[in-house]
Number of protein chains: 2
Amino acid sequence: MSIYYQIYESLKKDLSNNLYKPGEKLPSEKVLSKRFGVNRHTIRRSLQLLKNEGILFSKRGSGIIVHDNRFKYKIGKRVRFSQNILNENYVPETTILRSEIRKASKIEAKNLEINSKHEILLIETIGKINNVPSIKTKRVISNKRFPDFFDIFQKQLSITKTLKILGVNDFFRKNTLVTAEQADSIQANLLHCKINSPLLKTTYINQDLNLIPIEYSQTWFVGERIQLALEN
Amino acid sequence: MSIYYQIYESLKKDLSNNLYKPGEKLPSEKVLSKRFGVNRHTIRRSLQLLKNEGILFSKRGSGIIVHDNRFKYKIGKRVRFSQNILNENYVPETTILRSEIRKASKIEAKNLEINSKHEILLIETIGKINNVPSIKTKRVISNKRFPDFFDIFQKQLSITKTLKILGVNDFFRKNTLVTAEQADSIQANLLHCKINSPLLKTTYINQDLNLIPIEYSQTWFVGERIQLALEN
DNA sequence: CTTTACTATACAACTATACAACTTTTAATT
DNA sequence: AATTAAAAGTTGTATAGTTGTATAGTAAAG
């Protein structure tokens, strides 16, 4: 088999081993040609194969970049799961993991601006993109304010639709915190990622037009498949 | 006697008269065929005999290179590349193929006696003898213990010198394993040998005077040109 | 009639070199 | 600290040259 093809296979292996990560640059053609002991044109031929597959793309004067296949999840004033995904021509799906009604914790009560004696509704869901589970959300909502929330949500499987039925036509983020966590075995199993894979965790409050908090929630994104695009 | 054989003998005479020196290129097949007034294929047949004897080596697109005969590479308690070659009045040269910093694999961590979470520095080099690439080495060194190793090595191009600068004045082999492998097309290209040519592979650990491992490395020698001389 | 030596031609794979177009880094200057 | 200019580095493109391989054909020797 020709050399350029073997180099192509070698590079492809490196890429699948995450030696070169999405969004990063490859070593220059010059460096690669030295590493494999071939002329630059031979390397270019190998790289061309990877470019054809959409794995790499090059920028004249700059370098060769590993194509970033991670989904760009927009976080702005209004964050809408399904719409976000439909906009990129992907297929969204939401499944419910569990729900629970219990007294609010101190933090939950504070963030929802409710009395800590009140009950809250907790919903955990998995969001799938093209059938791949990649997003896990834990929502806390005042059960006193929205007593029928879960019944409606169970059918609609959409926060936006559920709130619309409940008379809340618009809502937006009060704030969003982003941190990083490692997936434990349970999360790894749910999100189809490896144990200790990095997860992006957002903690946020959605409020209505009167600035009253609706939900206090946390969402975990699989870092290998999703990148958060912060907007202003 | 056939023409191709006479040309072979003529070329061999030129080679033994040092008309074409080791490391240098022969005139191209086109030029040679014109000089001897024969078809290119006839010249190729003559050259093939010399290639079979290991005197010549051809590189597609580049030309035909003159090689040396067998080099005796000493493997003892202290193995020093440059010194080994200088001792035989040959010219050593080291070029870097690539370097990489990443987490240690299980085997690497075990052999270096480090925690598997620690990072290692990987360096791949080609060793040339009289300008003929004949030795390929892949080194694994604790990046935690020697964080500046690569910067120094890049300038010194010598393990011995680099370690001296880093305060390690002497080091020696803990063990050496010798096995045989076949050259794949990438290695063949790098080492100027044929595909499937036998390579001598040594796997070894160098340790300092306190018996602490410094490097866990593997070296491939072109079997046709280098013989290992084991010492006690 | 078959094999061997040699020629002729063509194309593929790879090297060598040079330069243009463009980006990134570095240094100097304001 | 911000701006600007120069230098160095990167990819894109073009051209010519080299070896590897395949096919076809001719002539001579066994």
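**The side of chain B that touches chain A**

A: In this predicted model, ten residues of chain A are in contact with six residues of chain B. On the side of chain B that touches chain A, the elements that give two or more residues are β4 (92–103) and α8 (185–191) of chain B. Of the elements there, α8(B) gives the most, with four residues. Sorted by class, this side of chain B has three nonpolar residues, two polar residues and one charged residue.

The backbone angles come next. Most residues other than glycine have a negative phi. In chain B, B:N18 has a positive phi of about 60°, although B:N18 is not a glycine. This residue lies in the loop between α1 (3–16) and α2 (29–36) of chain B. B:N18 counts as exposed because 9 other C-beta atoms lie within 10 Å, and the cut-off for an exposed residue is 12 or fewer.

A:L211 sits in the loop of chain A between β8 (198–208) and β9 (213–222). With 9 other C-beta atoms within 10 Å, A:L211 is therefore exposed.

To return to the contact between the chains, the side of chain B that touches chain A takes four residues from α8(B), and β4 of chain B is also among the elements that give two or more.

Key
Residues numbered from 1 in each chain as written. Chains lettered and ligands numbered in written order. Predicted model: local features only at pLDDT ≥ 70, side-chain atom pairs only at ≥ 80, totals over all residues. Contact = placed C-beta atoms within 7 Å. Nonpolar A, V, L, I, M, F, W, Y, C, P; charged D, E, K, R; others polar. Buried ≥ 20, exposed ≤ 12 C-beta atoms within 10 Å, placed from the backbone.
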